[in-house]
Amino acid sequence: MSSTTYTADAPRTSTLLPMMIIGVLFFIMGFFTWLNGPLISFVKVAFTLDDINAFLVPFAFYVSYFVLALPAGAVLKRTGMKKGMVLGLFIMAIGAALFGEFVRIRIYPGALAGLFVIGAGLSLLQTASNPYISILGPIDSAAQRIALMGICNKVAGALAPLAFGALVMKGIDTFLGQVTGMAEGPAREGLLNDFAARVFWPYMSLAGMLVVLAIWILLSSLPEIKPSGANSERSIGHGKGGIFSFPHLWLGVLCLFLYVGVEVMAGDAINTYGQGFGLPLAVTSHFTTYTMAAMLAGYLLGSALIPRVISQQSYLAVSAVLGVLFAIGAYVTHGYVSVAFVAALGFANAMMWPAIFPLAIKGLGSHTELGSAVLIMGIVGGALLPQAFVHLKQYIDFQLAFVIVIVPCYLYILYYGMRGHNVGTHAG
């Protein structure tokens with residue numbers, strides 16, 4: 001089947017089909033990513049874990065980005081972006097099947113390995129799809145296109161906890177009370193085995209869907225894009241030089257690291273945060289959905305305002321200020337009000353990725369794939385910042401631990417939106 005290749009010198013055909021296909025991919029990425037929040041609560045029960053061990057769920061998931069993003073960039077150089085996306089979906093399918101099977105037989109290290117493989121597939125998918133959508137049109141309006149993709153991502157993120165709750169976590173508080181009151185023995189183990197097995201068929205079904213989607217994209221007419229032509233170094237007044245000659249990229253890597261950390265804190269750690277107030281598990285397992293709903297609202301507003309009313313870098317700075325204010329609001333309140341402020345961080349976080357990514361890869365030219373891979377490595381912030389929170393809260397009040405971890409992150413994001421994105425460019 002013929003395909004179109006976009007370069008800087010070639011006229012672009014309609015972007016509707018590419019955006020629809022990439023939108024589906026962002027939906028898939030969002031569904032798997034935002035299952036981690038309810039999964040933390042699930043593994044605590046299924047494997048009888050404490051918070052520190054349960055938070056190995058996002059750690060295993062996000063650390064794979066750091067380990068495999070650079071290899072993903074190398075793979076994309078050989079395969080192109082389209083085939084790279086297809087390969088990423090196949091790898092995710094393998095990871096989903098592994099996770100379902102290892103949870104069914106209650107081998108926690110194996111389950112974490114499955115999450116790592118899912119993250120590996122996602123790292124390839126992210127490394128391909130984000131620069132693809134960024135340079136599918138003018139780079140200065142990339143945040144608007146990524147925001148549309150983000151809507152697909154966060155709709156999936158809102159649906160994932162609800163679907164997981166209906167299929168897996170139904171009656172969890174009653175079940176937990178029953179298991180807690182039982183003595184160690186075969187009867188208790190049998191109940192835990194039955195509970196763990198609830199995830200098997202949902203994850204096997206997801207694995208099958210990923211295979212079908214990969215085949216569909218492989219056979220589709222999704223056009224290929226050559227970043228060296230579509231994202232020229234001339235656009236930022238850059239001469240010759242290697243990847244280390246782009247300081248705005250490396251400042252952006254740190255910015256993305258901190259952003260993903262605070263995003264995961266608001267989306268995945270919110271369940272544990274709510275449990276700190278003694279709220280019931282059946283209620284807290286849905287809190288991720290509220291964060292996703294707030295992010296969806298932020299995407300809708302951001303896509304309407306950027307770039308017609310406000311630039312993507314200015315919106316990033318405004319979002320960072322909101323993040324600081326909402327974090328302080330969470331600290332000075334309690335119970336459901338405090339949780340609502342944490343969920344509101346989703347609104348503040350919504351347009352950060354859409355702004356940071358194109359600002360960081362702008363003008364990388366032939367280094368675009370490698371620069372994108374390095375940025376994807378920054379996703380490891382989602383593994384490390386929640387770990388910092390869950391360890392810190394062992395020694396100090398959990399609300400104080402939360403605000404200590406995330407406020408400095410928002411302050412750096414504010415710097416990048418106001419100044420850091422221009423360092424080393426013609427405007428720096």
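In this predicted model, Ser 129 lies in helix H5, which spans residues 108-134. Its relative accessibility is 0%, so Ser 129 counts as buried. A polar atom of the Ser 129 side chain sits 2.7 Å from the backbone oxygen of Leu 125. Beyond its neighbours within four places in sequence, Ser 129 is in contact with Ile 22, Phe 26, Met 29 and Met 85.

Arg 106 belongs to the loop between helix H4 (56-104) and H5. Its phi is positive, at about 55°, although Arg 106 is not a glycine. The relative accessible area of Arg 106 is 18%. That value falls under the 20% limit, so Arg 106 is classed as buried.

A positive phi also occurs at Thr 48, where the angle is near 50°. Thr 48, too, is a residue other than glycine. It is placed in the loop between helix H2 (36-46) and helix H3 (51-54). Thr 48 has 43% relative accessibility and counts as partly exposed.

Ile 40 is buried, with a relative accessible area of 1%. Not counting residues up to four places away in sequence, Ile 40 touches Ala 54, Phe 55, Val 57, Pro 58, Asp 268 and Thr 272. Ile 40 and Phe 398 are separated by 358 residues in sequence. Their C-alpha atoms are 17 Å apart in space.

Phe 55 is also among the residues touched by Gln 387. Gln 387 is found in helix H19. At 12% relative accessibility, Gln 387 counts as buried.

Helix H19 covers residues 381-392 and packs with helix H11, residues 247-267. The two axes are 7 Å apart, and the packing angle is about 55°. H11 and H19 are therefore oblique to each other. H11 passes H19 in a right-handed crossing. From H11, the contact involves Phe 257, Leu 258, Val 260, Gly 261, Val 262, Val 264 and Met 265. These residues meet Gly 381, Gly 382, Leu 384, Leu 385, Pro 386 and Phe 389 in H19. By class, the contact of H11 with H19 comprises ten nonpolar, three polar and no charged residues.

Gly 378 is situated in the loop between helix H18 (368-377) and H19. Its relative accessible area is 3%, and Gly 378 is buried. Gly 378 touches Val 253, Leu 256 and Phe 257, leaving out residues up to four places away in sequence. Phe 257 is also one of the H11 residues that meet H19. Gly 378 and Ala 69 are 309 residues apart in sequence. In space, the C-alpha to C-alpha distance between Gly 378 and Ala 69 is 9.1 Å.

H19 also packs with helix H20, residues 398-418. Here the angle is about 150°, and the axes are 8 Å apart. The angle is over 145 degrees, so H19 and H20 are roughly antiparallel to each other. The crossing of H19 past H20 is right-handed. Leu 385, Ala 388, Phe 389 and Leu 392 form the H19 side of the contact. They meet Phe 398, Ala 401, Phe 402, Ile 404, Val 405 and Cys 409 in H20. The contact of H19 with H20 has ten nonpolar residues, with no polar and no charged ones. Leu 385 and Phe 389 take part here, and both also belong to the contact of H19 with H11.

A further helix pair is formed by H15 (residues 312-332) and H17 (residues 352-361). Their axes come within 9 Å and cross at roughly 135°. H15 and H17 are therefore oblique to each other. Their crossing is left-handed. Gln 312, Gln 313, Leu 316, Ser 319 and Ala 320 represent H15 in the contact. Their counterparts in H17 are Met 352, Pro 354, Ala 355, Ile 356, Pro 358 and Leu 359. The contact of H15 with H17 contains eight nonpolar, three polar and no charged residues.

Terms used. Residues are numbered from 1 along each chain as its sequence is written. This is a predicted model: local features need pLDDT of at least 70, side-chain atom pairs count only at pLDDT 80 or more; totals for chains, interfaces and linings use all residues. Side-chain values use heavy atoms; hydrogens and water are left out. Axes are lines fitted to C-alpha atoms, for helices over the stretch in contact, and angles run from 0 to 180 degrees between N-to-C directions. Helices (H or I, at least four residues) and strands (E, at least two) are DSSP runs, numbered from the N terminus. Angles under 35 degrees count as roughly parallel, over 145 as roughly antiparallel, 65 to 115 as roughly perpendicular and the rest as oblique. A crossing is left-handed if the near helix is turned anticlockwise from the far one by less than a right angle, and right-handed if clockwise. Contact means heavy atoms within 4.5 Å. Ala, Val, Leu, Ile, Met, Phe, Trp, Tyr, Cys and Pro count as nonpolar, Asp, Glu, Lys and Arg as charged, and the others, Gly among them, as polar. Buried means under 20% relative accessible area, exposed over 50%, partly exposed in between (1.4 Å probe, protein chains only). A polar contact is a pair of N or O atoms within 3.5 Å; within protein, one must be able to donate a hydrogen and the other to accept it, and residues adjacent in sequence count only if both atoms are side-chain atoms.
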